[in-house]
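Good morning. Please have the sequence and the structure open while I talk.

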Amino acid sequence: MITSGAGANGQPEGPRAHNSFRSATGKTGFLYPRVSKPESLEMDGMRAKTAVVLGAQWGDEGKGKIVDVLSGRFAAVARYAGGHNAGHTVIIGGQKFVLQLIPCGVLRPNCKGVIGNGVVLDPVAFLKEVDKLRTLGVDVDSQLFVSNRAQVILPYHRMIELAAESAPGRQKIGTTSRGIGPAYEDKMARSGLRVVDLLNPKILQAHIENACAEKNAIVQALFGSDPARLTKLDSAKMFDEYAAAAERVRPFVTDSGNLLNKVISDGGSVMFEGAQGTMLDIDHGTYPFVTSSSATAGGASTGTGVGPTQIGTVIGVTKAYVTRVGEGPFPTEIHDASAEVLRARGNEFGAVTGRPRRCGWLDIPLLRYSNQVNGTEWLVVTKMDVLDELAEIPVCIGYEIDGKFTDLVPADVQGLESIVPRYTTLKGWQQSTEGIAEFDELPVAAREYLRFQERESGAKIGMVSTGPDRDQTMILPGFAEMLESLHS
C-alpha cells in the first residue's frame, strides 16, 4: 500500500481523481464497490497462508515474473486453469525462461510446482517443456506434479480448433489453435480423457479409436472432400505416440488436490497461479472473445481442489497501461504512433505466438471491475518503465455509451464496441525508472501515477516492477508485512 507523499490535508499529492459518476438523481458514487476483506478473516490466525496471483486485464501482464519473485516465499505454486497457450516469461540473472504450462515455482529450489485439475494438459508439449527445463538445470523431477484429474489435449483437438477458426461464416476469435477450447468442450460434454485414464492403455486405446471416428466425421462435415484441408486422423499412430508419452508423464502424476491441502494443513503456504487474464475469463470476460476456462480467482478452488475458505488473499497483476492479443473489443486501444512506442519499449509480442500485442491506455473502470470480480486485495503494477519517455499519460476514467456516462463494463460486445472512453491526463516523468527498488526514489510524477491507480481502483498497490529481471522489483511495506505473515 502506498502511504508516503500525502499533502497537507492528508490526501495524496497530484490531480483530483475523476473517480465517480453523476446519476440522473444528482447522486455520485462508485458503481463498482471498493473491495474489502471480511473482518473475520483479518483476525489473528484466520487468514489462510495462500494467495491467488492473476491477470487483471487480458493477460500478458507480466504474471510470470511476479509469480517467480513471490514463489520463494511459498512451499508450492499451483496452476489452476488454461493450457500451453499461456506464456510466462521469467528472466533470472539475464537468463530467459519461457514457461507455457509448467508453474514458475519449479524455478525455485524446494518449491513444488503443481499442475491442477483445472488445466488441460498436452502430454507432448508438457514433455518438451520438461526436457528444456532439465537442460537448463531445473530440478523438475523432484519438484513437479501433475493432477490425475486434469484433462488431456489430443491431436484431434488441435485439428478441430483449426477447422472451426477457418470455417466459412465462423466468427474468428483469434485463438492459439493449440486445442485448448475443444479440450474444454469435451470436458464439459463429459467425453474427455483425464490424465488418470491416459495412464491406462486399454482405456486410452478405446478412447482414441472412438474419438478419431467422431472427429473425422466432424471435419468431413466442415470441409467435405477438400484434400488440402482434410487430414484423416490415424488412431493407431496416435495411440502409439500417446501411450509412450503416458509412461514418461506417469512419474509426475498425483492427487494434486490432496497434495495441496496437505501442504496447507501442515502449515505451508501455497500460491495459485492464474493463466491469461480476468477479461478473458469464460464467464466474466469480453465474451465470446475469451478463453475457455475460469481465469478469475474463483477458478483457483475449482481448478485445484482447495476450498474457497482456504484462499487467504488475491493479488491482481496489471500493466501501467493495457495490452491485448487477438480479436475482441478493446475500449482504450491506441490507434496512433503512441501504440508503436509502447509496443517497442515494452517488447509487446506474445510469448507463445509471437503476435504483436495491441496497446492501449490504462482503463480504470475495467480494472475496478476486475478487482470486484476477483475480490482483489493487492495490485502489482508492471512495466512502469515503459512509460518513462512520455510527457503526458492519458488514463481512462469512464465510458460514454449512447451519450450517457458510466463506469460499468458492458456485458455485450456491441456495448463494448460502442464505448467512447473518457480520459484524464496525468503528467509524465520523462526520466528513467528502470531498476528503481524504492518507492521514494521514483520521480514525483511516477509516484502520483501509482497513487492515482491505487485510489481509483480500490485495491492497494503492493509491488511495482521497473524492469524485466527478477531483481528489478520494489515491494512496498504493507505488502511485505502480508508476505511475512505467510511464514508466521
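I will go from the overall counts to the sheet, then to the helices, and end with a hairpin.

First, a caution: this is a predicted model. The protein has 488 residues, and 56% of them count as buried. Its secondary structure comes to 15 helices and 21 strands. Now take the contacts between residues at least 6 apart in sequence: 76% of these join residues at least 24 apart.

Next, the sheet. How many strands form the open sheet, and in what order? There are 10, and the order is E11-E9-E7-E4-E12-E3-E13-E16-E20-E21, with mixed pairing. At the edges stand E11, residues 253-254, and E21, residues 473-475. Each of these two has a single partner strand, so one side of each has no neighbour in the sheet.

Let me pick out strand E4, residues 76-79, and look at its two neighbours. On one side, E4 runs parallel to E7, residues 112-115, and four bridges join them. On the other, E4 pairs with E12, residues 270-273, again in the parallel sense and over four bridges.

H14, residues 444-457, lies across E13 (313-319), E16 (378-382) and E20 (460-465). The angle between H14 and E20 is about 145 degrees. H15, residues 477-485, lies across E13, E16, E20 and E21, and runs at about 80 degrees to E21.

Now to helices packed against helices. Two packed helices are described by the angle between their axes and the distance between the axes. I have two pairs to show.

The crossing of H2 past H8 is left-handed. From H2, the residues in contact are Pro 123, Val 124, Phe 126, Leu 127, Asp 131 and Arg 134; from H8 they are Glu 241, Tyr 242, Ala 245, Arg 248 and Val 249. By class, this contact has seven nonpolar residues, four charged and no polar ones.

The second pair brings back H14, this time with H12, residues 364-374. Their axes come within 9 Å and cross at roughly 55 degrees. H12 is therefore oblique to H14. Which hand does the crossing of H12 past H14 have, left or right? It is right-handed. Ile 364, Leu 367, Arg 368 and Asn 371 of H12 meet Phe 452, Gln 453, Glu 456 and Ser 457 of H14. These residues divide into three nonpolar, three polar and two charged.

H5 covers residues 180-188, and its buried residues are Ile 180, Gly 181, Pro 182, Ala 183, Tyr 184 and Asp 186. After H5 comes Arg 190, which has a positive phi, near 60 degrees.

Last, strand E17, residues 392-401. Why can we call E17 largely enclosed by the rest of the structure? Because eight of its 10 residues are buried. E17 pairs with E19, residues 420-427, in the antiparallel sense over eight bridges. In that pairing, Glu 400 has Val 420 of E19 as its bridge partner.

E17 also runs antiparallel to E18, residues 404-406, and three bridges join these two. Here Ile 401 stands opposite Lys 404 of E18. E17 and E18 form a hairpin, with two residues between them.

Definitions and conventions. Residues are numbered from 1 along each chain as its sequence is written. This is a predicted model: local features need pLDDT of at least 70, side-chain atom pairs count only at pLDDT 80 or more; totals for chains, interfaces and linings use all residues. Side-chain values use heavy atoms; hydrogens and water are left out. Buried means under 20% relative accessible area, exposed over 50%, partly exposed in between (1.4 Å probe, protein chains only). A crossing is left-handed if the near helix is turned anticlockwise from the far one by less than a right angle, and right-handed if clockwise. Contact means heavy atoms within 4.5 Å. Ala, Val, Leu, Ile, Met, Phe, Trp, Tyr, Cys and Pro count as nonpolar, Asp, Glu, Lys and Arg as charged, and the others, Gly among them, as polar. Two strands pair if DSSP finds at least two bridges between them. Axes are lines fitted to C-alpha atoms, for helices over the stretch in contact, and angles run from 0 to 180 degrees between N-to-C directions. Angles under 35 degrees count as roughly parallel, over 145 as roughly antiparallel, 65 to 115 as roughly perpendicular and the rest as oblique.
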